[in-house]
Amino acid sequence: MKKLEPMKILEIFLSSIGLILSIILIVMLYNLNILPEKYTLSIIIILLVLNALGNFFMVNEKTKLKIIGYVILGLVIILDTVGNYYIKTTDKFLNKSFKKIETKEELKDIYNIYIGGVDFTDEIYDFNTILSFNEAKENLLLVSIPRGYHIEAVGYDITDNLSYIGIKGIDVAIKSLEKLLDTKIDYYVKINTKSLVALVDLLGGIEYCSDTSYTTTHAMVLDTYDDTKGQKLYVEKGCKTYNGIQILTIARERLNLIGGDIKRQENCQKILISLIDKIMSFNTLANYEEILDKVDALYETNIPRELVTKLIKKKLDNKLNFNIETVNLTGHDQMGYVRLGTIYDYIVEPDMNTVEQAKIKLNENLTKK
């Protein structure tokens with residue numbers, strides 16, 4: 001039996017490893033189901049062509065061509081390895097962060113998502129927004145609700161601030177908002193502000209743009225409402241990059257803002273959009289896995305994985321460019337009983353005109369055509 005030369009063994013090794021890793025990458029990419037078909041097909045063609053070229057040059061007798069073949073197959077192995085890492089990390093994140101639909105139910109194209117941001121107690125809801133999606137119309141309606149909105153707590157025969165209603169569970173908050181706005185909320189995302197600080201710091205800060213300059217009434221502290229334990233934050237007019245604790249302090253502020261709690265909800269919307277933009281930027285690839293771990297700790301949700309991958313696929317295929325509308329519920333600041341009737345404190349008595357306007361807008365957005 002003829003003994004293979006070392007160079008021949010190297011060629012067989014490079015050829016086999018390159019092809020095997022490319023096949024694994026293609027299978028994982030297909031199972032991930034996150035790229036439009038044209039992109040998936042392009043990647044498959046590129047990998048197959050590179051493997052073929054590498055093998056073609058490598059078996060050539062000329063040294064220069066052999067070297068080109070080695071380089072091409074080495075590049076294929078590197079691309080396959082890096083690609084497999086990012087696909088595996090993304091798949092792990094999607095499985096962990098979103099629920100998987102067990103039945104073959106058809107995904108909705110029209111739905112409402114409640115976004116609730118809880119404070120360090122994991123009970124009090126500081127940020128409340130309903131995202132109403134209509135994929136057919138490519139319309140996204142954002143309905144912002146003040147945390148102090150004094151509404152009926154469904155199932156408890158009492159009126160309370162929305163921020164405290166969540167103490168009885170996110171389901172109670174959702175049912176109360178459904179009754180207030182005469183709509184159905186299909187999914188929820190519960191955001192943890194403690195994890196927000198860690199994520200923003202990991203991203204190197206995010207940009208926030210302020211209409212005015214002001215000093216916050218709250219201090220830059222975490223896990224406490226005692227503002228004597230930290231410094232206040234001076235926010236400059238214009239756009240600036242802020243770190244995690246600074247962003248949290250901005251998100252909490254209302255007393256030194258014209259518009260009070262309503263302006264706070266607008267600021268939270270700005271922060272959320274800025275955070276998503278930063279996460280989606282190319283710079284996050286360097287610490288991709290760590291960022292996804294922090295993102296996973298940021299929220300809990302009942303949104304199905306299939307809905308998330310469908311939206312990403314449509315966005316990458318440039319078939320989803322949402323026109324964004326906003327509706328801000330307003331009201332009148334006064335005093336009333338909160339925390340299920342145990343404390344007499346600040347409330348926002350709803351302005352029913354804005355509630356009715358939100359109902360109309362939601363009904364229009366949830367109509368297919």
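Axes here are lines fitted to C-alpha atoms, for helices over the stretch in contact, and angles run from 0 to 180 degrees between N-to-C directions. Helices (H or I, at least four residues) and strands (E, at least two) are DSSP runs, numbered from the N terminus. What you see is a predicted model, in which local features need pLDDT of at least 70 and side-chain atom pairs count only at pLDDT 80 or more, while totals for chains, interfaces and linings use all residues. Residues are numbered from 1 along each chain as its sequence is written, and side-chain values use heavy atoms, with hydrogens and water left out.

**View 1. Helix H6 packs with helix H9.** Look for H6 at residues 193–202 and H9 at residues 288–298; their axes are 8 Å apart, at an angle of about 160 degrees. The two helices are therefore roughly antiparallel (an angle over 145 degrees). Ser195, Leu196, Ala198, Leu199 and Leu202 of H6 make the contact (heavy atoms within 4.5 Å) with Glu290, Ile291, Lys294, Val295, Ala297 and Leu298 of H9. Sorted by class, these residues are eight nonpolar, one polar and two charged. Nonpolar covers Ala, Val, Leu, Ile, Met, Phe, Trp, Tyr, Cys and Pro; charged covers Asp, Glu, Lys and Arg; the others, Gly among them, are polar.

**View 2. Helix H2 packs with helix H3.** H2 spans residues 37–58 and H3 spans residues 63–97, and their axes lie 7 Å apart at about 150 degrees. That angle makes H2 roughly antiparallel to H3. Among the residues that meet here are Leu47, Leu50 and Phe57 in H2, and Leu65, Ile68 and Tyr70 in H3. The contact as a whole has twelve nonpolar, four polar and two charged residues.

**View 3. Helix H7 meets helix H8.** The axes of H7 (residues 244–252) and H8 (residues 260–279) cross at roughly 150 degrees and come within 8 Å. From H7 come Ile247, Ile250, Ala251 and Arg252, which meet Arg264, Asn267, Cys268 and Ile271 in H8. Five of the residues in this contact are nonpolar, one is polar and two are charged.

**View 4. One disulfide is found in the structure.** Cys209 and Cys239 form this disulfide (cysteine sulfur atoms within 2.5 Å), with their sulfur atoms 1.9 Å apart. Cys209 sits in strand E7 (residues 206–210) and Cys239 in strand E10 (residues 238–242), so the pair, 30 residues apart, links distant parts of the chain.

Notes. Parallel < 35°, antiparallel > 145°, perpendicular 65-115°, else oblique.
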